[in-house]
Amino acid sequence: MSALEQLKASSADSKSFFLFWGVNIFDDMSLSGYTKEKSSIVVLGLNIHTAPVEMREKLAIPEAEWPRAIGELCGLNHIEEAAVLSTCNRMEIYVVALSFHRGVREVTEWMAKRGIPASDLASHLFLLRDSDATQHLFEVSAGLDSLVLGEGQILSQVKQVVKSGEGVTGFGRNISGMFKHAITVGKRVRTETNIAAGAVSVSSAAVELAVMKLPEHSSDSARMIVIGAGKMGKLVIKHLIAKGWTKVVVVNRSEERVDALREEMKDIEIIYRPLTEMVASAAEADVIFTSTASETLLFTKENVEPLPPVSSMVGGSRLFIDISVPRNVGACVSDVEHARVFNVDDLKEVVAANKEDRHRKAMEAQVIIAEESKQFGAWRDSLETVPTIKKLRALVDGIRITELERCFSKFGDDLSKKEKKAIEDLSRGITNKLLHGPMQHLRCDGSDSRTLSDTLENMHALNRMFSLETDASVLGQKVRAKVEQSRRETQ
Ligand SMILES: NC(=O)c1ccc[n+]([C@@H]2O[C@H](COP(=O)([O-])OP(=O)(O)OC[C@H]3O[C@@H](n4cnc5c(N)ncnc54)[C@H](OP(=O)(O)O)[C@@H]3O)[C@@H](O)[C@H]2O)c1
């Protein structure tokens, strides 16, 4: 089984993902050289399948901080490129590691500094490398790894990673190429398969959960309140309309967003309440949806305990349905009598149904993903020739300049400026013409696998013929330069 298959077959309570494909990053640190020819694409992360929300929320990184996180990750000695995919369902770090083992250790330590000890992380963290890492991102983008199969929000989030990475040093060629390719995959899967047909979202699953928990005859009479009028809040309201609700209270910091919702959704009466009236508004509600980007809890045992009881007609318990990560409703609220709390992880209950349909739709999407993964792998392989192209050009140019200087010194001051320029142009013309053929045979975009394997063969032949350095030593040089830079920065 590949690492990715093992990850899929595992569950949140599995032991360390590091260990079960034979890589114990905590022990295997003794490698001294950089023997691998190519850097590795690695993803390290926690997601809804491997870790509970209380752990994911501690590591969540708000979008505004992604560029800073990329900078910090690329400041590590063995990390060259990075991206952060932090959503309510996942917190995944994608990196290009110059050395796999060292890179993984550095990223794990970096994550541990964010509040979870490495030993606790290890049993919830998953780790995938190269083609497994790429395939995983493509599946994520296609909505195959989502709680709600085929949901569209994740594709928007992947697009957001690319948008916020624009111009950020460290969101480099490999990682940005992979994320851009993931967007193509996400779009292809949704247009060429019926994965998104009738696909629900986290917000519709939240409304569905509320309906499931309310007594059958009472569901459309229950008083609904939505805290947060952002993307998720809006979707919750849309699904409430679809379920027949005609009135909802919306609590938000600012009124503008609520006005916009009112403008857009004429089929429901939307009553605005400011955040300062949140608890008073909750006192008059039976079901409370929370969907804000607040980093701190909005509901705690202390402010929920004094709320008046709800009618037995709606089940006698006030339902808190919290789709925010970090959570908006404290876990301790469930200790309050007549209060029941559900978070994003509890939505599994809603989507667990219809597993067979899920499997069938996923299989259709896998065909596209396999095709695109192969294409991306070939593109990445084609980048391998870039160092050879650079080195060969530098070698030839070095020879040209040395010979040119030797020639000029023989003439002393006898050559005019014009003559010198003519000789220099001649030397450049000859080398360019000679290099044209080899350069042509080193370039390919990876779209044709036969051309690609010929190109890689040419590359190895040229490396041998001209004694160009191997990629392994290029990696070594990069690492030494990074170590030197971080040493200078800490001095
Ligand atoms: N986007 C998704 O696909 C998705 C899916 C599932 C869950 N979630 C979770 O749902 C939550 C909201 O996501 P979103 O995509 O709807 O975000 P969003 O569109 O950016 O909206 C954020 C909302 O949170 C409010 N807010 C921000 N900071 C606040 C604070 N300190 N106190 C109170 N309210 C605050 C904003 O109020 P103002 O209008 O006043 O700024 C706005 O209503 C997040 O926790 C997210 O992780 C998102």
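**Group meeting: a walk through the predicted model**

Let's start inside. His181 touches Glu372 and Phe376, leaving out residues up to four places away in sequence; two residues are in contact if their C-beta atoms, placed from the backbone, lie within 7 Å. Before I go on, this is a predicted model, so local features need pLDDT of at least 70, side-chain atom pairs count only at pLDDT 80 or more, and totals for chains, interfaces and linings use all residues. Residues are numbered from 1 along each chain as its sequence is written.

Back to His181. You'll find His181 in helix 8. By helices I mean DSSP runs of H or I with at least four residues, and by strands DSSP runs of E with at least two, numbered from the N terminus. Is His181 buried or exposed? His181 is buried, because 20 other C-beta atoms lie within 10 Å. The cut-offs are 20 or more other C-beta atoms within 10 Å for buried, 12 or fewer for exposed, and partly exposed in between, with C-beta atoms placed from the backbone. His181 and Ser141 are 40 residues apart along the chain, and their C-alpha atoms are separated by 9.7 Å.

Now the whole protein. We have 19 helices and 10 strands. Of the 491 residues, 39% count as buried. If you take the contacts with a separation of 6 or more, 74% of them come from residues 24 or more positions apart.

On to the core. In soluble globular proteins, nonpolar side chains tend to be buried together. Here, the largest nonpolar core has 114 residues, and Val42, Ala83, Tyr94, Val95, Ala206, Phe320 and Ile321 have the most contacts inside it. A nonpolar core here is a set of buried Ala, Val, Leu, Ile, Met, Phe, Trp, Tyr and Cys residues joined through C-beta atoms within 7 Å. This core draws at least three residues from each of domain 1 (3-198) and domain 2 (202-351), with bounds that come from an automatic or database domain assignment. What does Ile321 contact, leaving aside its neighbours within four places in sequence? Ile321 is in contact with Ala206, Leu209, Ala210, Val287, Phe289 and Phe342.

Which residue does UniProt list for "active site"? The record, an unreviewed entry, gives Cys88. UniProt positions are in the numbering used here, feature names are shortened, and annotations may be inferred rather than shown by experiment. Cys88 sits in the loop between strand 2 (79-86) and strand 3 (90-97). Cys88 counts as buried because it has 26 C-beta neighbours inside 10 Å. Setting aside neighbours within four places in sequence, Cys88 contacts Val202, Ile323, Val325 and Val344.

Then the ligand. There are 21 residues around the ligand, and the closest are Gln153, Gly230, Met232, Arg253 and Ser324; a residue is near a molecule or strand if its C-beta atom, placed from the backbone, lies within 6 Å of it. Which helix gives the most to that shell? That's helix 10 (residues 231-242), with 3 residues. By type, the shell splits into 8 nonpolar, 10 polar and 3 charged residues.

Most residues other than glycine have a negative phi, and most peptide bonds are trans. The bond from Val325 to Pro326, though, is cis, with omega near 0°. Pro326 is in the loop between strand 9 (318-322) and strand 10 (339-343), and His338 lies in the loop between strand 9 and strand 10 too. His338 isn't a glycine, yet its phi is positive, about 70°. His338 counts as partly exposed because it has 13 C-beta neighbours inside 10 Å. Ser467 also has a positive phi, about 50°, without being a glycine. You'll see Ser467 in the loop between helix 18 (449-465) and helix 19 (471-490), and Ser467 is exposed, with 8 other C-beta atoms within 10 Å.

Last stop, two pairs. Arg68, in helix 3 (residues 66-74), is 100 residues from Val168 in sequence, but 9.0 Å away in space, C-alpha to C-alpha. Glu166, in the loop between helix 7 (153-165) and helix 8 (173-192), is 99 residues from Pro67 in sequence and 9.3 Å from Pro67 in space, again C-alpha to C-alpha. Arg68 is exposed, with 12 other C-beta atoms within 10 Å, and Glu166 is exposed with 9.

Methods:
Nonpolar A, V, L, I, M, F, W, Y, C, P; charged D, E, K, R; others polar.
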